[in-house]
Amino acid sequence: MRRVYTLLIICCILAISGRFSHEAFGIDAYFDSEISTNLTYTPNTGTLIVEMLEEELPPILPNVFYKRTIYVEVIFDASKTMQEPDINGIPKISVAKSLVAALVRYFPNRDTQFALRVSGGALQNNCFDSELVVPFSPKNGQELLQALKNVHPTGLSPITYSLRQILSDFQGTIGSKIVFLITDGQDTCDTEPADTCTRTMDTLQEAEFDGVVNILGVNTLQRDVQALLSCLSARGYGRYLDSNRNSGQQLGQLIRESSQINYSILRVLDAETLAEGKILGLYNRRIGDATEVADTATMNNSATTIKPGIIRKEKTGFEIQEIRVRDLPRNSSAYSSHELPPGVYKIEFLTTPPLASYFTIDQAQELRIGVIRSGEGFDLYARAHLSLGNRYYDADQFEEALQEYQKVLDFDPRNVDAHLNMGIIYQDILHDTEQAISHYKRYLELQGPRSTEVSTWFREAQGLPSEEKELQMRLQEREEQLAREEAARLAQEEELKRQKEMKKAMAAYNEILTANSRIRELSKDAVVQGAASLEVIVSTATTDSAAERIALDVGRRMKNLLNQTPDVYVYRERDRNITVKKAVFDAGRGEYVLTE
């Protein structure tokens, strides 16, 4: 359970003109009130908070504005009965004009276009006496009030006929459409209230009028009058307030509700719905509404294809939770809270052109989307401050740029663009590696769309080589390791071969000595190393014929045992300078022969 407290005091210092400041409509008290709200978070959902912030920034692009227009038409009852006093003794026409003054005062002037239709104010006995005195135009509230000065109670009260004329009054308008019918309720032309309401509202519905009809009653005491006005407001999706039964706080709440910027939340499921949008139960909700999760319905869908760099691809198959809307007590900060199942969404505000943004939400995650004034229209808080920070960056005002990016993170700590921009400034401009590492790390944790690049910068800030270079280094190191292992293996094989050959040579050496008892000396190294010549020292008593046999035998054994063909020289022990016999290998004959 978390408690959210918000306070915003809108400077409404002056009281509404005339008698409107009496107890029946103490509207200023509402705008000065503080409201707190309890919010309960469902564990398997995330929370989206949409908030209207009291801040104004320059537009992101010159001459590009996301404008919101509120079209407010006042149908003013100027019939004869409006000259009568209400229960407080005040002329009902004066109370009605005070109500109009309240609407002009408290609807945002820059966004609101008023229209004034006077019913029964020109002719005394004409049920078609309904005139559009002031058409819609920008910032025309004072024009409407000026026109009212010339309106006096005159004729009949064709209020439902006047209500049906709004279809032509609102023709060509794009934006929020709101009607305020101000009347004492006595329709002197249509005498059957229920039939009159049904016929009038059916006409509006068949024409697909997408606005709201509110009723501001002036001393509406009769039950049949109340029945008619209640029917009109209910069928018109509006409110029915009366100057004698309702408070100024209730009127103030109605004005605030009506003046909030509207938006839609759409669930993104695949490439087609990413482009077109698929409404999931929230449509044109005002900032100030809340949603809660209802029953769950499973839908089988293929994997969502997401435009790169905006939102992440989801896995195949997930649950879609339908959403129903309930009223949340409005507070002065004008925020809305929505409990949403995890997924990918698009929020689109009712502006011209539409102001839209994509977002993902996870379990137990709280995401905030702020809307502020930007130039002649509106923009998203994060995008506007990021844009302002980028302007400071381009002007080499880096500290100011960091301040703007930090505002974004203070509002939404998960904003990857702000983390990225701050990381770049800290690394490249201010050379503060500790701060750069911190922001790059958070960016990677949030899986920003440029994670591959940021990963490289993150490693550079840490003094580490890039992943590509590190991979090359690891490959080179591996190649060198493999080369060392191969060299060691070859050396081991060579050593084993040498040892085997030495063992074989020693066996041949011993066999030669054993086979020839007259041999006194034979160079072991010459035998082992495979020398080109081999000297054999025999006893002094060895005859020439015996020396011949020894020379040939040693040669044959070297050839047969070691596959070596050294020249064999035989010397007597006492005279080692004179060769007794010499044997060489004759390749043509394939055997050893004696030479002179």
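1. Start with the asparagine pair: the side chains of asparagine 219 and asparagine 244 are joined by a polar contact of 2.5 Å. A polar contact here is a pair of N or O atoms within 3.5 Å; within protein, one must be able to donate a hydrogen and the other to accept it, and residues adjacent in sequence count only if both atoms are side-chain atoms. Asparagine 219 sits in the loop between strand 8 (212–217) and helix 7. Helices (H or I, at least four residues) and strands (E, at least two) are DSSP runs, numbered from the N terminus. Leaving aside residues up to four places away in sequence, asparagine 219 touches Pro85, Asp86, Ile87, Lys92, Asp242, Ser243 and Asn244, where contact means heavy atoms within 4.5 Å.

2. A word on the model before going on. This is a predicted model, in which local features need pLDDT of at least 70 and side-chain atom pairs count only at pLDDT 80 or more, while totals for chains, interfaces and linings use all residues. Residues are numbered from 1 along each chain as its sequence is written, and side-chain values use heavy atoms, with hydrogens and water left out.

3. Is asparagine 219 buried or exposed? With 10% relative accessibility, asparagine 219 counts as buried. The cut-offs are under 20% relative accessible area for buried, over 50% for exposed, and partly exposed in between (1.4 Å probe, protein chains only).

4. On to the disulfides, meaning pairs of cysteine sulfur atoms within 2.5 Å. Cysteine 127 is in the loop between strand 5 (112–119) and strand 6 (130–134), and cysteine 189 in the loop between strand 7 (176–183) and helix 6 (193–206), so the bond ties together parts 62 residues apart in sequence. Cysteine 127 is partly exposed, at 29% relative accessible area.

5. Cysteine 197 and cysteine 231 are also joined by a disulfide, S to S 1.9 Å. This pair links distant parts of the chain, from cysteine 197 in helix 6 to cysteine 231 in helix 7 (residues 223–235), 34 residues apart. The torsion about the S-S bond of cysteine 197 and cysteine 231 is about -85°, so this one is left-handed too. Cysteine 197 is buried at 0% relative accessibility, whereas cysteine 231 is partly exposed at 23%.

6. Helix 12 (residues 416–429) is worth a look. Helix 12 is mostly covered, with 11 of its 14 residues buried. Among what covers them are helix 10 (381–394), helix 11 (398–411), helix 13 (433–445) and helix 14 (451–461). At the helix start, a side-chain oxygen of asparagine 415 comes to within 3.2 Å of the backbone nitrogen of aspartate 417.

7. Histidine 431, which follows helix 12, has a positive phi near 55° and is exposed at 61% relative accessibility. Aspartate 396 has a positive phi of about 65° although it is not a glycine; it lies in the loop between helix 10 and helix 11. The peptide bond from threonine 352 to proline 353 is cis, omega near -5°.
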